[in-house]
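Student: I would like to learn how to read the features of a protein model in order, beginning with the whole and ending with single residues. Could you take me through one?

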Amino acid sequence: MSKKKVLVVGGTGYLGQHLLQGISEIPATPYDVAFTYNSFPPQSLLDAFPGSLAFNVDLKTGLGFHSISQQFGQPDVVVNCAALSVPRACEKDPDTATSINVPTSLVNWLSSFNHNDNTLLIHLSTDQVYEGVKSFYKEEDEALPVNVYGKSKVAAEQFISEKWANFAILRSSIIFGPQTVSPVPKSLPIQWIDGVLSKGDKVEFFYDEYRCPVYVKDVVTIILTLIDKWFSEGKKMQLLLNVGGPDRVSRVQMAEAVAQIRGHDSSLIKPVSASSVDRGVMSPADISMAITKLVQTLNFSPTPFKDGVKLTLAAEASS
């Protein structure tokens, strides 16, 4: 029997690499795997996951998808991790943000296959679709984003639900965890906090912006559970899930957790209001999310924040 095919779009990004890692750790790898990259041929990734095929794809134009059709074929699952996810960059260039974050070329390509509804599309969205004026948003709450990034992700959700019959949209909070096989250029939240506190200088952290950070390996487990559900049950889904950790924390509380675990001086943490810093982009104040639907639908409970921080720092120490 031929193996099921899984395509990871944005395989060189932070979540994409962790997902490739997670798939490679399944005993007797049950899937054929391919991934897309945008800017560089990822030799270190190919070395780490020798069974995977890599394809250069431009998501704005769709250039490169044709090669996947020819060399890999129609995927049974596509996980779209690709995004322009730096809010300030989106604010500066809304057109590029929309052309990358709304998966038009991806969905058009998938539509070109004869039995296209045989493909499950798992799409990563964001907690920044919420306005941020209350705590613990539910999936059915209105999406009222305050910045271009959030607006582009809402447009993506709408596009997918209108154009594709078989999907799971995951509204993810800040994803944290260990560094990737091929280190990503952006700074990782826990490692950054640990780095600045270890220098012994006072650092400002916001006390009035709240999120539900989620441990990266939990996000991978959620994606793999959805893939398994599709393959074992064969039922099309139109699923929207908040994907966050169980804890609502401010940046100050995040820093305090790192300081406590690593033994840094917590008096270095200087609480300031988010309104005191101009970041060149509006940022929602409280986009903590309720995850009851996630827990009930997939029978899975995400890792508490402090435990995830311990796991992250332990992984960094051993690498």
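Student: What should I know about the model before reading it?

Tutor: This is a predicted model, in which local features need pLDDT of at least 70 and side-chain atom pairs count only at pLDDT 80 or more, while totals for chains, interfaces and linings use all residues. Residues are numbered from 1 along each chain as its sequence is written, and side-chain values use heavy atoms, with hydrogens and water left out.

Student: How many helices and strands does the protein have, and how are they defined?

Tutor: Helices (H or I, at least four residues) and strands (E, at least two) are DSSP runs, numbered from the N terminus. By that rule the protein has 12 helices and 13 strands.

Student: What does the radius of gyration say about the protein?

Tutor: The radius is taken over C-alpha atoms, and the globule rule is 2.2 Å times the number of residues to the power 0.38. For 319 residues a compact globule would have a radius of gyration near 20 Å, and the protein, with 19 Å, agrees with that. Its C-alpha atoms fill a box of roughly 60 × 40 × 40 Å along the principal axes. Of the 319 residues, 51% count as buried, where buried means under 20% relative accessible area, exposed over 50% and partly exposed in between (1.4 Å probe, protein chains only).

Student: How should I read the sheet, and in which order do its strands lie?

Tutor: Strands of a sheet pair through backbone hydrogen bonds, either parallel or antiparallel; here two strands pair if DSSP finds at least two bridges between them. In this model seven strands form an open sheet with parallel pairing, in the order β3-β2-β1-β4-β5-β6-β11. Because β3 (53–56) and β11 (238–243) stand at the edges with a single partner strand each, one side of each is left without a neighbour in the sheet. Neighbouring strands are turned by 20° against each other on average, direction ignored; axes are lines fitted to C-alpha atoms, for helices over the stretch in contact, and angles run from 0 to 180 degrees between N-to-C directions.

Student: Which residues of β5 lie on one side and which on the other?

Tutor: In a regular strand the side chains alternate between the two faces of the sheet. In β5, Leu120, Ile122, Leu124 and Thr126 lie on one side and Leu121, His123 and Ser125 on the other, and all of them are buried, so that both faces are covered. Strand β5 (residues 120–126) pairs with β6 (residues 167–172) in the parallel sense over six bridges; Leu124 has Leu170 as its bridge partner in β6, and Leu121 stands opposite Phe167. Towards β4, which also runs parallel to β5, there are four bridges, and Val79 stands opposite Ile122.

Student: Which strands does helix α7 touch?

Tutor: Contact means heavy atoms within 4.5 Å. Helix α7 (residues 148–163) packs on the sheet, touching β5, β6 and β11, and its direction makes about 160° with that of β5. Helix α9 (residues 216–233) also packs on the sheet, where the strands it touches include β1 (4–9), β2 (31–37) and β4 (77–80), and its direction makes about 155° with that of β5.

Student: At what angle do α8 and α12 cross?

Tutor: The axes of α8 (residues 189–198) and α12 (residues 305–318) come within 10 Å and cross at roughly 75°. That makes α8 roughly perpendicular to α12, since angles under 35 degrees count as roughly parallel, over 145 as roughly antiparallel, 65 to 115 as roughly perpendicular and the rest as oblique. Ile190, Gln191 and Asp194 in α8 meet Phe305, Val309, Thr312, Leu313 and Glu316 in α12.
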